[in-house]
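Please read it alongside the sequence and the structure.

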Amino acid sequence: MSVNVDATGLGNFEIIVRTATIDPPSMATTVDGLVADVAVSDVAIGDAILAIPPYDTVNIIYQATAVSNGVLDVNFYNAGTGTTNLASATWTFLIIKLGSA
C-alpha cells in the first residue's frame with residue numbers, strides 16, 4: 001500500500017506500508033540489541049521509518065534505520081528492570097519518502 005500526500009510547507013511525500021518478520025534478541029536490564037539486515041522492499045537510505053510492533057513493548061525503546069536499498073536494521077534498548085525477550089513476529093513499517101510523487 002502506498003499513499004502520496006501534498007502537505008503545505010512540507011512538499012510532497014509518499015508513505016509506503018510494508019511488513020517483515022523479526023525476532024528481537026533477549027535483552028537484560030539496560031542492555032541493547034540489534035536485529036540486522038531485515039529485508040523490506042522499497043526502503044532506501046534517507047527514508048524516515050516508523051516501526052510498529054504487533055505487541056506491547058513496555059520499557060523497550062526501538063528504532064528502524066535503512067542501511068541500504070531494501071534492507072533495514074532495528075535497534076532495541078531495554079529500559080526496564082528485568083530481562084525481556086520479545087517474541088518473533090511480523091512488524092509493520094511505515095516508510096516515508098520525502099519529495100516523492
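Predicted model: local features only at pLDDT ≥ 70, side-chain atom pairs only at ≥ 80, totals over all residues.

**Strands and aromatic rings**

Trp-91 is buried, with a relative accessible area of 0%.

**Aromatic pairs**

- A pair of aromatic rings is described by how far apart the centres are and by the angle between the planes.
- The count of aromatic pairs comes to three.
- The ring centres of Tyr-55 and Trp-91 are 6.1 Å apart and the planes stand at 90 degrees, so this pair is edge-to-face.
- Tyr-55 sits in the loop between β4 (48–52) and β5, whereas Trp-91 belongs to strand β7 (residues 89–98), so the pair ties together parts that are 36 residues apart in sequence.
- Phe-76 lies in strand β6 and Trp-91 in strand β7, 15 residues apart, and the pair links distant parts of the chain.
- Both Phe-76 and Trp-91 are buried.
- Through ring pairs, Tyr-55, Tyr-62, Phe-76 and Trp-91 are linked into a cluster.

**The three-stranded sheet**

- Strands of a sheet pair through hydrogen bonds of the backbone, in either a parallel or an antiparallel sense.
- An open sheet is formed by three strands in the order β3-β6-β5, with antiparallel pairing.
- β3 (32–39) and β5 (60–68) are the edge strands; each has a single partner strand, so one side of each is left without a neighbour in the sheet.
- From one strand to the next, the twist averages 20 degrees.
- β5 and strand β6 (residues 71–78) run antiparallel and are joined by eight bridges.
- Ala-64 has Val-74 in β6 as its bridge partner.

**The β4–β7 pairing**

- Five bridges pair β4 with β7 in the antiparallel sense.
- Opposite Ile-49 stands Ile-95 in β7.
- In a regular strand, side chains alternate between the two faces of the sheet.
- The covered face of β4 holds Ile-49 and Ala-51, while Ala-48, Leu-50 and Ile-52 make up the uncovered face.

How values were computed:
Residues numbered from 1 in each chain as written. Heavy atoms only, no water. Pairing = 2+ DSSP bridges. Helix = DSSP H or I, 4+ residues; strand = E, 2+ residues; numbered from the N terminus. Axes fitted to C-alpha atoms, helices over the stretch in contact; angles between N-to-C directions. Phe/Tyr/Trp six-rings, centres within 6.5 Å; stacked < 30°, edge-to-face > 60°. Buried < 20%, exposed > 50% of the residue type's maximum accessible area, 1.4 Å probe, protein only.
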